[in-house]
Each structure stands twice: as structure tokens, then as C-alpha cells.
Amino acid sequence: MNEPLRIDLQNITKRYDKLTAVDNLSLALGPGEIFGFIGPNGAGKTTTIKILATLLEPTTGVAMVDGINVVENPNAVRARIGYMPDTFGVYDEFKVWEYLDFFAAAYKVPKSDRPGLIDLVLDLTNLSNKKDAYVEGLSRGMKQRLCLARTMVHNPKVLLLDEPASGLDPRARIEIRDLLKELRNLGKTIIVSSHILPELADFCTSVGIIEKGKLLVSGPIDSLIGDNIGVRVLELKVPAEDKATASKVLGPLKGVRNVAERGEFLDIQFDGGIDAQSDLLLALINAKVRIICFGEVQTDLEAVFMNLTRGLVA
Amino acid sequence: MTIPMNPIFEKEIRTRLRGARAFQLLFAYVLAQVLIIGGLVWMSAAFGTEVPLGEIGKSFWALTFWMQLGLVTVITPGLTSGLLVAEREQQTLDTILLTGLKPTHIVVGKLFSIALFIIWLLVGSLPVTAIVFLTGGVPPSEILLAYVLLTFSAMVYGSIGIASSAVAKSQGKATLLAYTSAMALFIVTSIAAVPAIGGIYSEARHTAYFTAINALGAPGATTFNEMYFGINVPAWLVSGVINSSLTVIFTLLAAYHLSGCQPCFAIALRRTIYGMFVAFAALLGGANQLHIEYIQLFAFIAPLTLVATFGTGSSANASAPGSIWKRVFYGHDAASGRLFAFFTYTVGAIVIFGATAAFRVWTQTDELQPFTTRAVGQLLVSGLVNTAALTGVAALGMRLVPGRWAALGFTLLGWATPMFLLGICTAFLQSSSSSALGFIAQTTVFDYSQSPNTSHWIVTAVAGAGCWIIARWKR
């Protein structure tokens, strides 16, 4: 049997008076996929997630979760998603297990199933030893994990996590990351947004870069870095007096897009193949440029992001 | 089988009764009663009057009960006004709504938790009330009934609080709104309770109306009957029906508002108010021996609240263009709100007079002396003039002061204050007030039954038109 796509966004646009928060965005995710939503603040990540969470209606376009339209049948969608907002509150006067029990009851989980379920999510989020503690006394990272535990209390197929690791110290961040990896193994479909790239690179099966409401690129990380962009940065270190010559030589060469000075280095934006790269070195040597160091800068998601969003980010 | 618990109810009860806070409040509640009542008893004992013990018991019972009423009226809106706005401020509201819990469940769960808490306070203070049993004079059934009525009142004030909590943007505004609305309701309904308060101290059983809708009248009104369209109805039943309907209405409004659909809320509010208003007008008209002063008050207060509530607010014309009917009942902007106020008042006034006429034909009585055709006609006109003038005030309010609530306050105070002062002056000039109620009526709307004061209509109309012109000036 063909399982419906867990998340299916078709040409979603959300407009407020003059502002277009999301512009013609499409996205399809199956089971077990973790999609990293990357973009600067105000790019439209939260809006998109809120549309999926049935909190906002798209101006145009169709949004489906597990084959159900979010506008037509929001209640059925709500039972299938766990949503963690970017800013959230917890009930301080509750104990940890009471907090989870309350939400389980609200999600209509039968009373007899709740204790086992609560233990399970607490174990998953590493909070078992805090079961009887008051929420008030938890650290920020723990509250964040508690909130994550809350999103899973009704065993949803889809998790929508808006900046789950924001404001956390590195250690708490790594914990959240490990938790997400574990959830991926459970076969959940997860959308996780962040404006911090390395956070996502590690465990997402695919990422999308959003800017000014437009999804600029999306796909598996490797292909994003390699094929889609294709631009590599080569760095070259030469003595100061040779810099001008080097720039002159490099400029007209095949595959060279741009040469920029960065301190002692020259950064060459290059979209040619490996052969062209050796030709480049050969040309420099023939021009009697004394080379101290030459190599490829490791392109990561961050570079891709900077490249794509150049000039767009205010 | 277990009854499915409302999770919100469970949560509220659990957190409210946690720790010492709730018990401290109970202690303070009982202590306040003991001190105040003890003081009163001590004072009356110092005078050393020789009164039968039963009479003392009666007075004591009324005093304890009013004490409770005062405390409940003060505590309940305070407790409920924070409930929803707190969820919003804590950013937990979305999370709850996403669980699939319906807004109605959320509001009802919260309201019932407060009701239970209030009942808990009342039961906790029973030992103080029980002193009545030592003195005698009050049957236990009356006491029980009065407590039931008090609980109904508490529910109304609680639902007002929760509706304020759903509407307001911040904790402070919610509290302010809850207390102002609760106090306004208390004051308006307390007028109806006056005959019942008298009833406590005399054996005479008056025919009066809505004597128990304010619990102020509950100790006296438990044995009252009220007559509508010639049918005897126990006062407590009328109170129960009216107060529980009010509770349901405010609760539904809160739920509507929570569902996030602002136009739905505004439209639902209009329809509810319209239904209530017309039903109330029919009851007033069908009531036997109704004082004309009630109607006079109605002709002043009704347009004032209607216009202030609906005639201020969003100035954007959000309603779809269409027939007047459509604009009135499907629109939700200030302009169509004023139209709505005017329409509702007119229908209400016609219903009152229709019901009165029908009652007369039906019962073939001519007891309704004050209800001469002339007085009725004058009241209708004065009400309409009032409404029309008020739309001008509302428009001016929206022009002059920023924000919805400021405009509302401007409309209420800006109109009521000069009218009240003007009324006092006229009352002094005419010196014709025969009763306290008549005085209030005269100070607010002129006594049209006695002196057809067309000059007042002109003053009202000119003032209203003036406001309208200033509001439109150089827009």
C-alpha cells in the first residue's frame, strides 16, 4: 500500500497586508525524513511551520499532513503532529509527570496508558530522574527537553520543531541533537528549523534554505554542497608583492568567477573541474608567481548558505 | 465506568489547591466574616434593644449572607479574569488549543474549577452561618436556596471574568474589565433587589420583578412569587434561569473569542445580545404592575450600553456591502455596530410596548396606570433620540481618543455624566421625585410621564449632532 506523504506543501503562499511571509513554497517529505529548515530570522520558517501546525491558514496553496488537508480538517491534523513553538511556556506549578499527564489527557490518551507513555518519553528525553520535580525548578535545557517530551506524548507521526535548540548551551544542544537522531530512528518525520547551520548538518536527511519567504534550494546535504552549487573556494597564499600579478593571471582563466583578497590570502571562487584546477596552478607558476600555499577551502553548509543568501539578508 | 474528566478542570483544581495558598484564603475568608459580623453583633448588643430572638436571627442571617455575597463578588472576577490571559501571556494557549481540546472545554473547565473553589469557600464558612440555627427565625430551606442563588451569582461574575480574560490583551486590562463589568451588573441588578431587601424586615410579600437576580435579594426573595403575563413564577426560578443563561452566554463568548475567529466572535456577540435584549424587553413588558421608572431607566441605560459596546471599535469597514440586515447581523465594524445598536434598541422598545399592550388585552386589566399611550410614546421617542445622539458621541470618541477601550469609556462617561448632572438639576427644579427609583430615573432620563419635555429632546439631538459634526471635521 502506498503510504501518503507525511508532509506535502504545494505552492504555499502566506501574505499579510503588504508583506509576503511565504512565497510559493513546495515541499514533500516521507516517513523517517528529517528536514532542516534554514534561514535567517524572519525568513518565513516559523510561518511555514505554523501553517503545518494548523495555527495559520495559507493565503493560497495546499498543505497536507499525512494526506489530510490542514485547512479542511485541522483537528485530524492536530492529532498527528507534535508542535514545539520557538517561544513557549510551561506550567511552573506542575510536576514534570503531571505536566505530561495533563497533555496526554488533553490528547485523549486513555488513563491506563498514560503512566507507561510518560515513562517512555521521559526516558527518551533523559528526564526520568526529574519525574517528580517541579517544572519551575528545571534548567532551560531541561524545560526544552520537557517540551519535546510533551510533543511526543500522543505518539504523533510528524514533529514540527521550531528552533528547538535556541538559547541553549553547547552541551544541551548536543543532547537535543542526539534526541532528534533517536527520533529519526523511530521513523518519525521531523521538520526542524534553525538559523544556526552546523546544528542541522549532522542529522538532517535533507535541508532547505529559505530566504524572504522563498525556498532557495532544498535537497540532501551532500548534493546541495556539491552539484547544486558547484562553486568551490580555493585559497592561495603568495608573498605580498606577487599578489597583483597573481590576480592578473587568474582573472581571465577558465572557471574563475571572482578573486578576492582576504588578509594574506587570495580567495578564488571557482566552478571548474579538477583538471582546470591544476591548470590554474600551472598558469600561476608559469607567470613566476611564488606560491606559499594552495588548496581548496572545505565548503560546508554555511558557505552554501552565505553564497545563496548573499545580498538578500538585510 | 469512569467519568471522563476535563483535563483543564483537573489541572486547575490540582494547582489551585496545591500548597498553603488556598487554605490561607479560606482562613482569611472565614476570619473576615467572623470579625465583621462579630463587630456588628457587638455594636447592636451595645444598644441593648429588646427584639425577639427570631428577628435577630433574620437580620443576622441577612448580614452573614450579604457578607458572603460581597466577598464572592469581589473574589470571583479576580480569580477568573486571569485564567485565559495568563495562558496567552505564558504562551501556552496555542499548545493547549493544538491538543484538540475545544475552546468550550477549556473555558468550561476553568470556570467550573473556580465554581468548585467558591463552593468550597462557602461550605467552609457554613459554621459561621450556622449561628442562625441557634436564634431561629429562618427555615433551613431558605438558607439552602439562598446559597444556591449565591452560587448562580458567583457563576455569572466568574463567567464575566473569564470572558474579560479571553478578550483582554493583558492581565491588568482583563482585571479592570472584569471588575467594571461585574460592578456594573451588580449595581444595575441591585435595583431589582430592593423590594426583596424590604421583604426581609416585613411580612408583606410584594409583587416585584427579578428580585433575586442579584443575590442581594436572595435572603428575602426565596419565598417571593413574580408574575409574568399573569402567571406566578417563583423568584428563585427566574433568578436561576436568567443567571444561568447569562453564565452560558458569557462562557460561549469567551470560547468564541478563544477560537481566534474575531469576526465570528463579534457577530456571535451581536446576535446573542440581540436575542437577550429582545427577550428581556418582552419580560419587562409582560411584567405586571411595572413601574414606569424601570422603563425610563431602560430607555437610558440600554442605548448607552448598546452604542458604547458596538459603536466603538474597528473603524475599518469589515462588513460586506449589502442590505442593512446583512450589515447589522453579519458586520463587525463600528459603523455597522451603531446601526446594530439603533436597530436592537428600536426592536426592544417596540417589543416592550407590544408585550404591555398584549398583556392588557389578555388579562383585561387596567392596572397599568402609568402606562398611558402618551408616556409610552414619549419614552420610545426619547430612547431613539438618545440612541441617535449616542452614535455621534461614539464617533467623536473614536476620533478623539486612541484605542477601543478608551472610546468605549468616552462614550459611556462622556454621555452619562452631563446627562446625569442635567437630570439632577431638572429634578431639583421640578422637585417631583416620589421615590428613590423615580429620582434615579429622573436624573437620567427626564420624567416624560409627568412633563413632556420636548426641549430635552432638542438638547439631546443638538448635542449628538454636534458630536457627529466634530467627529467628521476635516477627516
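## A four-stranded sheet in chain A

Two strands count as paired here if DSSP finds at least two bridges between them. With that in mind, let's look at this predicted model. In chain A, four strands build an open sheet whose order is β12-β13-β11-β14, with antiparallel pairing. The edges belong to β12 (256-262) and β14 (293-297) of chain A; each has a single partner strand, so one side of each is left without a neighbour in the sheet. On average, and ignoring direction, neighbouring strands of this sheet are turned by 20 degrees against each other.

Strand β11 (residues 232-237) of chain A runs antiparallel to β14(A), and five bridges join them. Across from A:Glu235 you will find A:Gly295, in β14(A).

## Nonpolar cores

The largest nonpolar core holds 139 residues, and A:Leu160 and B:Ala254 have the most contacts inside it. Its top contributor is helix α9 (residues 140-167) of chain B, which gives 15 residues.

Setting aside neighbours within four places in sequence, B:Ala254 is in contact with B:Leu84, B:Val107, B:Ile162, B:Ala163 and B:Ala166.

## Where the chains meet

Between the chains, 19 residues of chain A are in contact with 15 residues of chain B. On the chain A side, the elements giving two or more residues are α2 (74-78) and α3 (96-106) of chain A. The largest share, five residues, comes from α3(A).

What classes of residue make up the side of chain A that touches chain B? There are 13 nonpolar, three polar and three charged residues.

Key: Residues numbered from 1 in each chain as written. Chains lettered and ligands numbered in written order. Predicted model: local features only at pLDDT ≥ 70, side-chain atom pairs only at ≥ 80, totals over all residues. Axes fitted to C-alpha atoms, helices over the stretch in contact; angles between N-to-C directions. Core = buried A, V, L, I, M, F, W, Y, C linked by C-beta atoms within 7 Å. Buried ≥ 20, exposed ≤ 12 C-beta atoms within 10 Å, placed from the backbone. Contact = placed C-beta atoms within 7 Å. Nonpolar A, V, L, I, M, F, W, Y, C, P; charged D, E, K, R; others polar.
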